[in-house]
Structure formats: structure tokens, C-alpha cells
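Please read them with the structure open.

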Amino acid sequence: MTSTFPNISISTERLVLRPLDEDDVPALAAMMNDEQVAAWTDVPQPFTEEGARSWITEYAPTEREGGHGLDLAVTEFLTQRLVGIVQLGKTNWHVRSTELSYIIAPWARGEGYASEAALATAQWLFGDQKFERIELRTAADNTASQQVAQKIGCISEGVLRNACIAHVRDDDGTWTDFRTDFIVWSLLPEDIEGSAEQLADTAGFTSYADWN
């Protein structure tokens, strides 16, 4: 029988991670139209509110109910404003492993939200869900994402050569694909011991300009 993630909310000092809902449509669409999101993800461009609504009402529930993954809105605790998303995908329930990714809105970068959200998700996976491995993949030139992986305790396992398709904007405004390497990172339960304290010691999760 297929296992599935529960519909849950995760709270940190500054953030609430919760299921996406239709009130998130405008903010999600705006976030996904950002230049850096377009460069490092396969999100369709331009990303419409119709696309955001389809993601929230169709794609995310199907992924969760099918046992494939989980999409969580990352919101500020005080303002409830959407600052990003955390996604789990390619979940293997027998091995108890999943792949984690994150995107932070342009206006919210530089506050350490990606690190805080990713670490909270990892602690929940290893604690409540009894997972044994989390994997991250970052494009070779996506240094901001790599810094987040390092900050939450991930270990670099190697390079998947020519395995990533990223995107560059041409002079006429169109996007062109280009191939690059994936850096593969892993996080095990023992790797996050002390990560929360280390992040808190760096002035409250404020070290990097975080995006996917």
C-alpha cells in the first residue's frame, strides 16, 4: 500500500509551513515569474495565475495523495505573507528517502528563510516521519542554493555531469535551455545535530540570499 504525507503545518520562530491554498494564487504566480526562478527551475514562463491555481488545486494534491511528495507554502509567522515554497518529491517509502527543494520570493531573499524552512522540514521528516535520507540537487552555478544545503548540514556526494537543464534569457527576452551539472547533496538524521544552534548563532538565519 502506498504511503502518503499528512496535511500538516510546521512552525519555526519566524515561519509557518502549511499546505498551499487558493488564497496563495497571486503571490505564487508573482514569485514564479522571477528571473532567478526562471533560470534555475523548469517552471513555465510566463507563469500565470491560472497555472498557480492548477498547481494548488490539482498538482499538489495529486502528488501528496499518490505518495510522491509534498508541497508546502512558507509564510511569515507575523504577517502570514507567502515568502516561498518547500517541495518534497521522488519519495521512496521503502528506503524512507525523498528529494527536497526550495524557492524563496525575490523580496524575501537575504533573510535566511530557505535555510530555516529546509531545516524545519528535515527535522520533521527525520523525527515524525522516520525518514533516513534527504537528497538535494543544485545546479553547478547555483551558489545560493548550494550555500543553503551546506548551512543545514548537507554533505556533497558528487556531481551528475550534464544532468541539469537551466535557462538563460536571450537579448530578445526569450529563454534558452543550456545544460550544466547537478551537484548531489544528502542529509541524514545525524547530519542535522547542532544545525539549528549553528543557524541561530549566525544572527537568526540571515546569512544568504536564498533562492531555489
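1. Strand E6 (residues 133-139) is a mostly covered strand, with five of its seven residues buried. Buried here means under 20% relative accessible area, exposed means over 50%, and partly exposed is in between (1.4 Å probe, protein chains only). Helices (H or I, at least four residues) and strands (E, at least two) are DSSP runs, numbered from the N terminus.

2. This is a predicted model, in which local features need pLDDT of at least 70 and side-chain atom pairs count only at pLDDT 80 or more, while totals for chains, interfaces and linings use all residues. Residues are numbered from 1 along each chain as its sequence is written, and side-chain values use heavy atoms, with hydrogens and water left out.

3. Which strands pair with E6? Strand E5 (residues 97-104) runs parallel to E6 and is joined to it by three bridges; strand E8 (residues 175-187) runs antiparallel to E6, with six bridges. Two strands are taken to pair if DSSP finds at least two bridges between them. Ile134 of E6 is the bridge partner of Thr98, and Ile134 also stands opposite Leu187 in E8.

4. Together with helix H4 (residues 113-127), E5 and E6 make a right-handed β-α-β unit. Right-handed means that, with the strands pointing away from the viewer, the path from the first strand over the helix to the second runs clockwise.

5. On the cysteines: the model has zero disulfides, a disulfide being a pair of cysteine sulfur atoms within 2.5 Å.

6. Some backbone geometry deserves a look. Most residues other than glycine have a negative phi, and most peptide bonds are trans. The peptide bond from Gln45 to Pro46 is cis, with omega near -10°. Pro46 sits in the loop between helix H2 (35-40) and helix H3 (49-65).

7. Two non-glycine residues to check for positive phi are Lys90, near 50°, and Arg96, near 60°. Lys90 belongs to strand E4 (residues 82-92) and is exposed, with a relative accessible area of 64%. Arg96 is in the loop between E4 and E5 and is partly exposed, at 23%.
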